[in-house]
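I opened this model to look at the ligand site.

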Amino acid sequence: GPRVGVLALQGDVREHAQVLTALGARVDLVRRPEELDLVEGLVIPGGESSVMDKLARMFGLAEPLKAAIAGGLPVYGTCAGLIMLADTVLDAIAGQQSLGGIDVAVRRNAFGSQNQSFETDLVIPVLGEAPMHAAFIRGPVVESVGPAATALAGLDDGRVVAVEQGNLLGTSFHPEITGDHRFHEYFLEKVRARAAR
Ligand code: GLN
């Protein structure tokens, strides 16, 4: 299987590693630039984006990650991972930076206290007709989608919660914890396609 990294600075690293392994990938935990060089795709997990950003810069990973993204490495970010991939972050904490790559503005913790965490069924056309059960845990909302990015799914009220731009994917929710692996499969197709070139 393809060699896929999970950015292992902070967050729900283990859940992603388990899903990717179940789908036949060889999983590497990535904490250092040398480890990033070895992988054919990367998942950025959920967690706390401001902490992940700080650690990425502290460990000298932020610039190598930006270079890998610019070079076309397939990267899938869930929740905090989506925030890391967004070109613009609204309600960021002071000094918080993102890696960028996806032409969207996301708003952190956008669902309000009553609805910060909830589950719902989402239709995601690129994954087929069957809705995906989606868990939101203090997730971001995609407030605007720029011309380079594509919305893949939205809530009933139209708010966008899944996006794609070339080899980059992001979801506000956490498919790594609900047992439906179609989003990870969709990501692995990009990894395999690029590795086969
Ligand atoms: N609220 C977190 C952040 O801003 C994201 C939460 C999550 O990843 N589950 O980074």
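First I looked up the residues around the ligand. They are G46, G47, E48, S49, C79, A80, I83, R108, N109, I137, R138 and G139.

The model is predicted: local features need pLDDT of at least 70, side-chain atom pairs count only at pLDDT 80 or more, and totals for chains, interfaces and linings use all residues. Residues are numbered from 1 along each chain as its sequence is written.

Next I sorted the shell by class. I found 4 nonpolar, 5 polar and 3 charged residues. Asp, Glu, Lys and Arg count as charged; Ala, Val, Leu, Ile, Met, Phe, Trp, Tyr, Cys and Pro as nonpolar; the others, Gly among them, as polar.

Then I checked UniProt. Its unreviewed entry places "binding site" at G47, E48, S49, R108, I137 and R138. These span 92 residues in sequence, yet no two of their C-alpha atoms are more than 12.9 Å apart, so they gather at one spot. I noted that such annotations may be inferred rather than shown by experiment.

I turned to R108. It sits in the loop between β6 (102-107) and β7 (117-122). Strands here are DSSP runs (E, at least two residues), numbered from the N terminus. Is R108 buried or exposed? R108 is buried, because 21 other C-beta atoms lie within 10 Å; the cut-off for buried is 20 or more, for exposed 12 or fewer, with partly exposed in between.

R138 is partly exposed, with 17 other C-beta atoms within 10 Å.

Terms used
Near = placed C-beta within 6 Å. Helix = DSSP H or I, 4+ residues; strand = E, 2+ residues; numbered from the N terminus.
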